[in-house]
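Hello,

Here is the structure I am handing over. My notes on it follow below.

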Amino acid sequence: MARKFIFATDPNGRSHEVKVDPKHIDRQKRDLERAGNEVVVLDEDERIRMGLIAQQLRNR
């Protein structure tokens with residue numbers, strides 16, 4: 001099973017990584033969404049790809 005990462009963006013646009021409990025990832029996602037956060041769940045490969053894209057955008 002691949003490692004998962006949860007990133008939450010609050011209504012002010014600040015984003016942070018949330019520690020994942022693999023057994024309760026659906027509940028964590030639902031709770032964060034109820035709190036008004038925009039939630040993205042990524043696996044390891046997707047996280048690396050997104051990091052590379054963000055780095056390329058910053059270097060423009």
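**The sheet and what packs on it**

Three strands make an open, antiparallel sheet in the order β2-β1-β3. Strands β2 (15–18) and β3 (38–43) are at the edges with a single partner strand each, so one side of each has no neighbour in the sheet. On average, neighbouring strands are turned by 25° against each other, direction ignored. Helix α2 (residues 44–58) packs on this sheet and touches β1, β2 and β3. The direction of α2 makes about 110° with that of β3.

This is a predicted model, in which local features need pLDDT of at least 70, side-chain atom pairs count only at pLDDT 80 or more, and totals for chains, interfaces and linings use all residues. Residues are numbered from 1 along each chain as its sequence is written, and side-chain values use heavy atoms, with hydrogens and water left out.

Some terms. Helices (H or I, at least four residues) and strands (E, at least two) are DSSP runs, numbered from the N terminus. Two strands pair if DSSP finds at least two bridges between them. Contact means heavy atoms within 4.5 Å. Axes are lines fitted to C-alpha atoms, for helices over the stretch in contact, and angles run from 0 to 180 degrees between N-to-C directions.

**The chain overall**

The chain has two helices and three strands. From the N terminus, the elements run β-β-α-β-α. The C-alpha atoms fill a box of roughly 35 × 35 × 10 Å along the principal axes.

**Strand pairing**

Strand β1 (residues 4–9) is joined to β2 by four bridges, antiparallel. Ile-6 has Val-18 of β2 as its bridge partner. Ala-8 is bridged to His-16, also in β2. Five residues lie between the strands of the β1 and β2 hairpin, where Gly-13 takes a positive phi near 95°.

On the β3 side, β1 pairs over six bridges, again antiparallel. There, Lys-4 has Asp-43 of β3 as its bridge partner.

**Helix α2 and side chains**

Asp-43 turns up again at the start of α2: one of its side-chain oxygens comes to within 3.2 Å of the backbone nitrogen of Asp-45. Helix α2 has 15 residues and reaches 21 Å from first C-alpha to last. That is close to the 21 Å expected at 1.5 Å a residue (1.5 Å times one less than the number of residues).

The charged end of Arg-47 sits over the ring of Phe-5, 4.3 Å from its centre (the cut-offs: NZ of Lys or CZ of Arg within 6 Å of the ring centre and within 35 degrees of the ring normal).

Best wishes

Technical notes. Polar contact = N/O pair within 3.5 Å; in protein donor to acceptor, adjacent residues only side chain to side chain.
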